[in-house]
Every structure is written in C-alpha cells, then in structure tokens.
Amino acid sequence: MKHALPYLEKPDNVTPGIPLYYATSCGVYNEGFPIVAKVREGRPIKLDGNDKSTLSNGGLDAIGQASILSLYDVNRLPNPLIKGVETNNWNEVDKEVINKLKAVSVEGKKIAVVTPSATGPVLQSAVNNFVNAYAGAEHISYDPISYSGILDANEASFGKRVIPNYQFSKADVIVSFGADFLGTWISPVRFQSDYSAKRVPTADNRKMSLHIQVESLLSVTGTNADHRFTMQDSQEGIYLMSLYNALAKNTGATQLRSTGDKELPGNGIKQIAEALLNAKGRSLVISKSNNKDHQVLVNHINMMLGNYGNAIDINKPYLSSTYSETKFEALVAGLQNGTFGGVVFVNTNPLYSYHNATALEKGLDNASVVISTSMVQDETSSKAAVHAPDNHFLESWDIKEPLKGHFVFSQPVMTRVFNTRQVIESLNIWAGSQVSSEEGSYKLVKEYFANNIGGDWKQAIHDGIAEVSTILSNVEGEIENAMLSLNSTVDVAAIESGAKKTGDLELILYQKVGPRDGTWSVNPWCHEMPDPVTKVCYDNYVTISKPDAEKLGIANGDMVSISSKNASIDKIPALVQPGQVRGTLGLAVGYGRNVNQKMDNDLRDLGHNAYPFVEMPGSSNSMVITSGIKIEKVGGNYEFALTQTHDTIEGRGHLREATLEEYKANPKVRNEHSHHLISLWNEHDLSTGHHWGMAIDMNACTGCGSCVVSCSIENNVPVVGRDEVRRRREMHWIRIDRYYSFGGSNGKSMTRQNDVDAASADLYEDVEVVYQPVMCQHCDHAPCETVCPVLATTHSSEGLNQMTYNRCIGTKYCGNNCPYKVRRFNWFRYNMNDKYDYHFNNELGRMVLNPDVTVRSRGVMEKCSFCVQNIQSAKLKAKKENRNLSDGDAQTACAKACPSNAIIFGDMNDPNSRISAIKKDERSYHMLEEVNTAPSVVYMTKIRNKK
Amino acid sequence: MSSTFYSSSTLVAVLILILVLLIIAGILYGIENNLKNLLRDKDPGSVESSYYQRVIKPVVSEWNPTIVTLVVIAFVVVIGGIYGFKFGMEEVGVQQGYSPDQPINFSHKIHAGTHKIDCQYCHSTASNSRHASIPSANTCMNCHAGVQKRDADGNVSVEIQKIYDAIGFDAETSKYIDGYEQKPIKWVRIHNLPDLAYFNHSQHVAIGKVECQTCHGPIEEMDKVFQFATLQMGWCVNCHRQRSVDMENNKYYEDLHSDLKSKGKHYISVAENGGLECGKCHY
C-alpha cells in the first residue's frame, strides 16, 4: 500500500511538482560565489551559476556543482557535542563555551578565533563582536592555500595588501608562470568565462587571444595554452628576471642585472617578450609563486607593459584571501608556550592542512578550550571540547563580498536538516549579544544590509547579488590607474639565492580540479569525476617525467616512497606524466582526509595527505620544495582507476585542430573534405517541429569537468566507486576525452602511439592537449537503434535517440554497435545496495535525486538523453504560456554548467537559434562523419594561436 | 520502502506460516494413522474401517501417482502464479478497481456530485503541475471551518473531526489551537504509476483539455473512489491515437500548424505529433 501525505497547510509558493529557484551563494568559495539553487518540494536538487552576476556568467565548476551533496551528507554532525557527548540543548553549549572562555580570559591568556581569511562582512562583524567581548581575544585567519606572496608584493608595490582583479577578457596576450587559473587558481570559474570569451574566433572576428604557459607540471591551464614551455619551479625567479630584462631592453627601462639571464628551452623568453611587446596594455602576466620577490617582479613586468588599469585592476580587488602565515605561525607558537589558552575554529581545519600539524596538535593539547564549528567531525574538531556545528551554506543567511563592492547574498533554500546553528549567531551569542532565537542570522544579515549596503532588500535577495558603486568610490586610498606607481624594488639577490640548484629533485604540490584543497573533498562526485589531465579517479599519486622515470626504473603505477626534510609517504603510486619537466615530481593535496565517516566506501582513507610537505622558507609558505626530496621504488604495482587508457588519436580525423594562421587563410581548414555517404535506411523526416542539436566548441572547452558532475546530478547517475571504474564500468553520460600529441613545437606533431613510443623520452615534455567532450550524438542514422532486438532504443520525431529502460533486456548490442562508445550498462543495482555505500544508499543522500528522472535498475543500458526532462518541461511551459519556444528555453545540464560556454544546445529547426548559426560555421564538423551516422552533435575545430 | 516488491514481508510470512501448519497437520495425521495401524495389528476387528479406507482409498489407489503429483504441482503453480502475477501487477499500479479504505471516508459524491464543487477547487495543481495533488488540509478548512455536520447531540461528524484533529481546530470555539502538534493525514494512493513512466497532469488538463472523468471515471458518483482506468500503456496509447492536437488556440503550435496546413494536413492526432514515442513518457 502506497501512501500520500499532503501538506496540512501548504505554503503559498510551493506547488508539488514545480521547481522553485533561489539565488544564493556557494560556500565552497569562502569569498562567496553567486549561484541559483533549484528546489523541488522544499529540497534543493541542483546548483547552477547565477547568470545575473558578472562573476559567474551562469557557469559553475565541478566542486561547486558537487557541493550540494554536502547538504545531504550523513557524516554531518546531527547535534552539538560537549566533550564528545551529544546534546540537543544549545543553551548548555553556550553556557559551557562562555564559562570556558571566561576562565581563559581571567587566566590572562589569549583567545584566538580562527576563520577563513575571506569572511564576508557579516561574519567579520560577528568576529569583531566576539573579539571585543573577551579580553585578549584575537582574530586570526587561516587558509589551506596561501596567496600571501601576491598580497605582500602588492603591499610593497602599491601599499595595498590585496589580490587585484585579474580580467582575462581584457588581455590579448596571457602569460602564466605556473598559475592554474582555469582549474584551481583564485577564482577559476570567473577566469574561465572571461578567458574563453577571447578564445573563440568567429566568422566576423577571426581573432583569439594568445596564451603562453610556463610551468613544471601539466596543469589544466597548461593543456589549454597555445604555447607551453617547461621550467623547473625553482628557476621561476631567474626566468622572470630574464623576461624583465628582455622587455626592458625594448622599452628602455634599466636592466635588473647584467649577467645570468637564462633562456627557456625553445627560445621561450624571446617569444614571450615579443608577444608581450606587441600587446602592450592588452596583456597580462601572472605567476602562481607564493614568493613575494617573484610577485614584486611580476608587478614590475605588468607595470612596464602598462597592464594596470586594463587587465589588472588593483582598485577593485578580489577579496578571496588576505591570509598571512605570520599570524597563524604566531598562534601555533603561542599555543605551545601557553600565551594562547583558547581557540575557536570557525569552519577551518588546520589540523588537516597545516604543514606542521604535530606542533599544532601539541599546542591544542595544551589549550584550555578548543571549539570547532565544522559541519562534520574532522581532524581539528576531534580536539575540540565543544563542537558547535554550523549550518550548511544552503541553510544559511549571509552576505559575501567576493569583489570589492560586489555583494553576493546567501539565503537558506531548505530548513535545517540537523540541529545546527549558524556560526554568525553562535559568535554573537558567545560575545554576549542578544540574538533572537527565531530570526537569528536573518535579522543580523538584514540589519547589516540596511545599515551598510542599502537598497531594496527583497530585490537584493531575489537577484542574489548587488553591485554597489557608491561603496566603490569611497574605497580607501584609491589610486588613479594612470597615477599608479611602484614603491617596490626587485630584490635580485634574494631571487638569485632562492634559485640555487641543489641537484635534487623538486616536489611541486598542486591542487586537482575535483578535490581542490581538500576542504570539501569528502564527496564522491569530486572523486568519481576523473582528473582532467591524468584521467585518474579516486587517488593521488606522484607524477614523474618520462626521463626521470626511466632513470629511476619506475614504470607507470609502480609504488614508490617519497620523503622530504619534513614529511614522507611510504607507499604511493607513481604516474608517468607527459608534459612534465624533468627533475620535478608532482603530488596533489586534498587527499588523505580523516573524518568520522559513517559510510563504508572508497572515500575512506583515500589517498595521502601532501600538506606535511609544505615548507616555510620565509614569511610565506611554499608548495615548491626544491631540496631534500628522495624518491625510491618500493615494489608493487598499483592499478589506477582510469576512464581513458589510450592517449593519442592515431592520426584519425574525429578530432580536428589547426593553427590560427591556417584558419585565417582558410576558415574551412581540416573540414574541406566531403565524404561519399551511403545510407541503408530510410531517412527520418525531421523537418517539422523541433530538431534538437548540440554544438561543442573545442576552442572554448577547457576540460574542467564541470559538465560531467552537472550531468551526474541532473540525471541521477550513480557513483560506482574505484573498482568498477577499473573495470571500465563508470556510468557518466558525458565524458571528456583528453588526447595528447607530441613534438608540436617543432613542426609536425606526432599523434600515433607507436611513433611516440619509438621516439626519445625527451619528446614527452613537448606535449599538446585537446579536450573533446563526448556524449550520445543522437544520430539521425543511429547504429544502436537498428540492432536493438526489443526496440528499447528508438528515434523521436524531434531527433532524439530515446532510451526506454523498462523495455531494455540488456543484450548490450546497442553499446557494441555505437561508434562513439557512449552507452553505459548498469551491471548492478546501484541504489539501496550496501555494496555501493554512497548517497544512493541512504535516505538523506537520496534527497538529491531528481524526481523527474528514473533511477535505473540493474541490467539496462543508459546514456545521455539530451536532458529530455528539461526539453519536455520547457515545451510544456511554453504551451501553458501560449507562446513559441524560444532559443535557450530548453537547456541541458552540461550546457548550463559550462563556465566557458563551450556547449550550446538548441533547436536546429529554429532558424534564429544559436545552434543553427553554429551549424553553418566553417569550423563545425561531425565526429566520424564518414560512417554517416548523421549525428545531432557538431564539434568545432580546435584552433591554436600559433604559427 | 514500505511497499516495494522485494520487501513485502507479509506475503512471505503468511506463506511460511501456511507451510509450517501443513507440516504439523501432516505429522499429526501420520501419528494418528500409525496408532490406528498398531491397534489394528493387535486386534483386527477393533477398529472400524474409516471413511477414507472405505470410500476414498479404492478410488485413489487406482490413480497414476506420477499424474497425480504433476496435477497437484500444476495446481499449486497456477494458483501461486495468479496470486504472484496480481501482486506484481499491483506493485506497478495495474490494479483496476482498486478501492482501499481511506483514513477519512471522504465522499466525492457529496462534494463533486451533490454540491458540484469544481474538481480543481481542491485538486488545484492539476492544471499547472505534474501532480494533481491531494489537497492540503487547509483547503478542506476553507469550507469546513464553518460547514459542520452535527448529530442530534451536537457532536461534529466523526469524519470532519478527523480534519480538525489533523490540523488542530477546536470546533467548539471555532478557533485554531495554538501550538498544536499537527498530524498529517495518511491517505492511501489509488493511482500509482510506476517510476519508469512520467505523467504530467497539466499537459493533459491545461493543454490537452481532457476531462477529469475521462481517466478517473464518474468520480462525482463515487462515495468511495476506485481506480477507473487500467492505467496501462495500451490504454494511454489508445487515447493518444484517438485524440487530436488542438493547434488552433495555442501559439506554441503556430509554426508547426502552418507547416502542416501547407502540406494539406488539418487534423493531427497526438500520436502523429509524436505522442507514441517512448521518450515522451519514459526517461
């Protein structure tokens, strides 16, 4: 017997079956990121970017998409803890906290309240109240990833300790020294949308920006570069000086030094200097280095090129970080020597990500009281006497300010799942302020808005953003861009001494697109999504260059041990990475989390924590370790969970690329050949009604993987775990193929694996990469349809290749006959099955399921449906509103998620749609058009801005 | 998870119970027989031959044991199969005539029939949402805050009182009770489409202009609602074949309509408009 429980009193705006959309802010970014949450019957089921904001352009990255699951995480702490014992009474918690903190104050010891450095104004005022309430209280910020090199350099150069607003949309030439700005650096979603706007040559404007990347590891950004040069990160300062000198020679500025300049392999410095000089005032030079001296040098280069006021805006800074290691180091020392007696960790987890966790742990053992507010029981909260869990960001009121004067508002999109309380309330209560228990943070946020921002509150909450120019004009110490001058000098000696070669291998710690810095990485979607570059799911590993691997006798997957002065890992697999510079190893942070896990799955003890390797050479920490690194083979081999095992296109034409020069000379380059096509079947008449199609611009696609996660959420795609991925049973409906070609910088590039294997290992550094997202092509002559014995897959009058699960008997003929290999077979029942203990296996996690899409069972095929549920609902909406369907009404999850607009979806029968225009573009082609499957997906030739 | 095919423990429990009882009966019968045989051995005349030995045994002993076994097995399989089939079909909503008891004996005959209340007054989401929705209790209260059938002693009718108990309304003072712990009404779903089929009420009600009664039967005559239609795919498809799409009065169809007119087509059924395609309902 099935029951139905209607509301007793239905809220006015809730209609069962109709989604509501709320603009709010994504908490994955501490500085805030504007998003829109789709809510069905009171539960959020999907997050997307807020296209009203200039920061997002409607896109959202993989980790932002995945973060919705952290709301429905069974690992969340359901009640506050006092000394490890659950209580449901927050008054008890407050009494305990206030008594303890008062005792510390009376003792004359200091209290630290540790928050992420980007607090947003409301949390900041709560912290201020707290600090004022307790004698000796101090606000200390902590970020796992430090940008203090940039911050300190700007303080030295301009007297402002800020991260400037980098505007890639205003740069014709982009030179990045190691900064992975499309994947993980500062604000990748925004950078992606700005960057890709300039990367797409069109019929009217056959131009694109020039992107040169100089780096040691192969980052997502590096894979997108037109020219990529390799350097060892220890030598970055020398190369920057060489670049400065090369530019100075031309502009007439004084040389930094007379000798010691170094050229990059392939005359990189010369080429970079030439490109930059051709685009003065229209270029951008950035560096990932966390060394102040390097960043000062970068500032000087940008100043010489006239980039301030153009691509770099120092007056409207990006407020993602103001972190300074010095204060936190002082806290650790203070805890150990007893000057600090209490710590409140506000959503920070340094015991996981701080480089000297043992010192911190000792310090925390000394402290009289440790309080944590994290949502789960994590590394740091295990030391906490009181654990007062914060609300999830989707349950919270807040105001964030990612860009000066650009506010993003958070509003709860769901009532609290657990007995948690927002930290801005907690801090105010602990500071002795009266906080209404009913209105709580709502009142605090609304008051802040009225007093400090002003305007229409309802409109602000509706839009989710507010850009306030009045605040901008009052920015303290604003400097006219034209008047901007440098107060800093480049410390040549410091840079030179920092670049001394020890002959040791170097270890570079980096972030991956999925797990990022690890804060939000206990999430299956972050790991089921393959790394864009290596295509490995679920693990971290030591990346090593081919020549080094050969020298050390290490093969792909061999287990190695790695150690530095500070840290070591006994056993970790090694991965031979093309494009990586020799003499350098790479290791991703964000793994090795140790939270109190209630589920038994692959996220438990996943990977190794790399943060202990971080060093503190000066006042900034460094993720580049240049000495004392030892690597040894320890025996054993590890099988990576790979979603792609062949790396080259073998000279075939399903992936087409050309240079900008070739394209300018002949826009149809690579697409000239027309095939003699034969069809065995009758044509479908698709001329009336809709004919859905998709375009994928490989020039705009950065390979970030946001579409993969977005699709999984929208279409209830199960998480299958590491072992199933090893058996090639991943269920993703969209995959991003990543192809390498080698030797591109000296003429003809090699795309055949046999040639590459025969060539010398040196060639492996010289790699070019193309990403090709592949999903069901919805062929109008679909090979899958003709072989299905039970007509479970058929063609619709709107050109969709339909998959009918309940008809499927699982012969897998269709999968075998699909030339694109996009069909996935459900080998098991992945829902309510303890073998797959992810979110499909518990009541809370299942709340994220999309109620409009079937949860497939064992034994059936499935594949991309072009998000037919969205098409159907868009059509129905148009019918109800008595209007024609307009372009963009029906959207697929992948197209919506893409931060760089690489995926365009629409009706090919509508002459005014974007897809119709793209279909006529000279760059457009069908994948494998020679087999005449007549796909509905068009790809656009990848154009590289090189000769 | 109360009612999936796999977890229906009641059926299994009943089957096990029947099996155990049969075994016990068998053992008891065997013991009795043995005792009687012992008696007969001692004194052949003492036990009167039973009805079984007199009447049934002479007939049964003539039967071929193989055929008898096969017939019995076939009988069990057929009965079990019918039961299992019906159970399985009900699991996917094939249960025409299904008329379960509801927590409140709500009569559509009184409301929709006698008082002629429009269906969509209560099922207000039918024209704009996927679900027609069982109305929330505050919809009932729109009338029943005032409309109260009382018996001779002045007590509110039991059924109306159930609404009050759910939402927290005091009939005597005609006021909502402050701080009342509301108890949702646990209605029994009658129309259950399986998860694999997507059905949208608004498409049919607002766009297709299908009468509620077409699928739900003479609902205004039902004291107790039962499932009128089979809700099987053949039934859906049949209607899609017969009904035409009204393209005249909706701008959405404008382009398609002029296109079809130019091809000389004036009538188009739902089926011809793609209404039989799998992906319209199964995704």
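# How the pieces of chain A pack

The helices H7 and H9 of chain A cross in a left-handed way. By that I mean the near helix is turned anticlockwise from the far one by less than a right angle; clockwise would be right-handed. Before going on, a word on what we're looking at. This is a predicted model, where local features need pLDDT of at least 70 and side-chain atom pairs count only at pLDDT 80 or more, while totals for chains, interfaces and linings use all residues. Residues are numbered from 1 along each chain as its sequence is written, and chains are lettered from A and ligands numbered from 1 in the order in which they are written. Helices (H or I, at least four residues) and strands (E, at least two) are DSSP runs, numbered from the N terminus.

Okay, back to that helix pair. The axes of H7(A) and helix H9 (residues 292-304) of chain A come within 10 Å, crossing at roughly 20 degrees. Axes here are lines fitted to C-alpha atoms, for helices over the stretch in contact, with angles from 0 to 180 degrees between N-to-C directions. That makes H7(A) roughly parallel to H9(A). The cut-offs: under 35 degrees is roughly parallel, over 145 roughly antiparallel, 65 to 115 roughly perpendicular, and the rest oblique. On the H7(A) side you'll find, among them, A:Leu240, A:Leu243 and A:Leu247, meeting residues of H9(A) including A:Leu297 and A:Ile301. By class, this contact has 10 nonpolar, 4 polar and 2 charged residues. For the classes, Ala, Val, Leu, Ile, Met, Phe, Trp, Tyr, Cys and Pro count as nonpolar, Asp, Glu, Lys and Arg as charged, and the others, Gly among them, as polar. And "contact" means that the C-beta atoms of two residues, placed from the backbone, lie within 7 Å.

How does H7(A) pack with H8(A)? Helix H7 (residues 236-251) and helix H8 (residues 268-278) of chain A sit with their axes 9 Å apart, at an angle of about 50 degrees. That makes H7(A) oblique to H8(A). The crossing of this pair is right-handed. A:Leu243 and A:Leu247 are among the H7(A) residues in the contact, and A:Ile272 and A:Leu276 are among those from H8(A). The tally is 9 nonpolar, 2 polar and 1 charged.

One more helix pair. Helix H3 (residues 121-133) and helix H13 (residues 423-430) of chain A have axes that come within 8 Å and cross at roughly 20 degrees. H3(A) and H13(A) are therefore roughly parallel to each other, and their crossing is left-handed.

Now the sheets. Strands pair if DSSP finds at least two bridges between them. Chain A has an open sheet of 7 strands, ordered E6-E5-E17-E16-E15-E7-E8, with mixed pairing. Which strands are at the edges? Those are E6 (85-86) and E8 (137-141) of chain A, each pairing on one side only. Further in, E16 (residues 369-372) and E17 (residues 386-387) of chain A run parallel, joined by 2 bridges, and A:Ile371 stands opposite A:Val386 in E17(A). Helix H2 (residues 90-107) of chain A packs on this sheet, touching E5, E7, E15, E16 and E17 of chain A, and its direction makes about 145 degrees with that of E15(A).

There's also a barrel: 6 strands of chain A close up in the order E21-E26-E23-E25-E24-E27, again with mixed pairing. Neighbouring strands there are turned by 45 degrees against each other on average, direction ignored.

Zooming out to domains: the bounds come from an automatic or database assignment, which gives chain A domain 1 (81-146 + 323-467), domain 2 (167-314), domain 3 (501-642) and domain 4 (657-944). The C-alpha centres of domains 2 and 4 of chain A lie 34 Å apart. Their contact takes 19 residues from domain 2 and 20 residues from domain 4.

Last stop, the chain boundary. Here 40 residues of chain A are in contact with 44 residues of chain B. On the chain A side, H26(A) gives the most, with 6 residues. Strand E1(A) also pairs across the boundary, antiparallel with strand E3 (residues 187-188) of chain B over 2 bridges, where A:Ala4 stands opposite B:Trp187.
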